[in-house]
Amino acid sequence: MSTWYITAMKESDIDTVLEIENSSFDSPWGLKSYQDELTCRDSYCYTVNLGNRKIIAFICFRLFIDEMHLMKLAVTPALRGLGVALWTLEKCIYLSREAGATIAYLEVRPSNNAGIELYKKLGFQIAGIRPGYFSDNMEDALIMVKKFKEE
Ligand SMILES: CC(C)(COP(=O)(O)OP(=O)(O)OC[C@H]1O[C@@H](n2cnc3c(N)ncnc32)[C@H](O)[C@@H]1OP(=O)(O)O)[C@@H](O)C(=O)NCCC(=O)NCCS
């Protein structure tokens with residue numbers, strides 16, 4: 001059994017989420033982005049917590065009819081490499097499938113080796129490039145896709 005659990009992100013979680021965000025991304029989202037995400041109809045945001053409720057990771061994705069689009073995933077730096085991201089994404093893929101999704105998409109920086117390896121491990125494949133997608137440094141994005149198989 002895992003030593004962590006997943007639960008819906010609340011407005012009161014955003015401060016802690018922003019701490020992880022700021023230590024995870026060069027161009028982090030701010031308060032308003034998370035407030036908007038929490039009120040967006042198609043958006044699903046969760047925190048991953050230890051038994052004492054401490055938030056150690058979070059994920060945001062959107063569901064558009066049969067498509068899951070991963071928006072954010074980050075694990076607090078001290079607890080990386082323990083399988084938290086893999087566990088979290090597997091859970092959210094399961095939730096998305098239950099909600100009717102048949103495919104997942106995401107964009108990742110080609111320089112983000114940890115992210116790319118994580119997604120490949122889950123069966124995502126590189127499907128294309130969005131040139132200059134990341135506006136902070138005009139880095140291209142790799143589009144990664146995973147088709148959910150019938151089981
Ligand atoms: C990418 C990130 C979410 C991975 O979280 P994590 O909990 O450390 O990942 P996991 O422990 O679940 O790793 C699962 C798999 O991902 C890959 N992986 C994770 N970190 C890796 C690294 N630093 N280098 C290479 N592969 C890595 C491995 O395949 C790993 O499986 P393994 O342990 O059997 O080798 C984390 O590094 C992070 O928060 N980074 C900053 C934010 C970010 O880049 N998010 C993704 C944006 S697209």
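Predicted model: local features only at pLDDT ≥ 70, side-chain atom pairs only at ≥ 80, totals over all residues.
Helix H4 provides the largest share of the shell around the ligand, with 6 residues.

In total, 19 residues surround the ligand. The closest of them are Arg 80, Ala 85, Ala 114, Glu 117 and Leu 118.

By class, the shell around the ligand holds 10 nonpolar residues, 6 polar ones and 3 charged ones.

Now to a pair of helices elsewhere in the numbering. Two packed helices are described by the angle between their axes and the distance between the axes. Here the pair is helix H1, residues 14-22, and helix H2, residues 31-39. Their axes come within 10 Å and cross at roughly 125°. An angle over 145 degrees would count as roughly antiparallel, and 65 to 115 as roughly perpendicular, so H1 and H2 are oblique to each other. The crossing of H1 and H2 is right-handed.

Which residues meet where H1 and H2 touch? From H1 come Ile 14, Val 17 and Leu 18, and from H2 come Leu 31, Tyr 34 and Gln 35. The residues of this contact comprise 5 nonpolar and 1 polar, with no charged residue.

Stepping back to the whole chain, there are 4 helices and 7 strands. Read from the N terminus on, the elements follow the order β-α-α-β-β-β-α-β-α-β-β.

How does the overall size fit that picture? For 151 residues, a compact globule would have a radius of gyration near 15 Å, and the chain has 15 Å, which agrees. Taken along the principal axes, the C-alpha atoms of the chain fill a box of roughly 40 × 40 × 30 Å.

Definitions and conventions
Residues numbered from 1 in each chain as written. Near = placed C-beta within 6 Å. Helix = DSSP H or I, 4+ residues; strand = E, 2+ residues; numbered from the N terminus. Nonpolar A, V, L, I, M, F, W, Y, C, P; charged D, E, K, R; others polar. Axes fitted to C-alpha atoms, helices over the stretch in contact; angles between N-to-C directions. Parallel < 35°, antiparallel > 145°, perpendicular 65-115°, else oblique. Left-handed = near helix turned anticlockwise from the far one by under 90°. Contact = placed C-beta atoms within 7 Å. Rg over C-alpha atoms; globule rule 2.2 N^0.38 Å.
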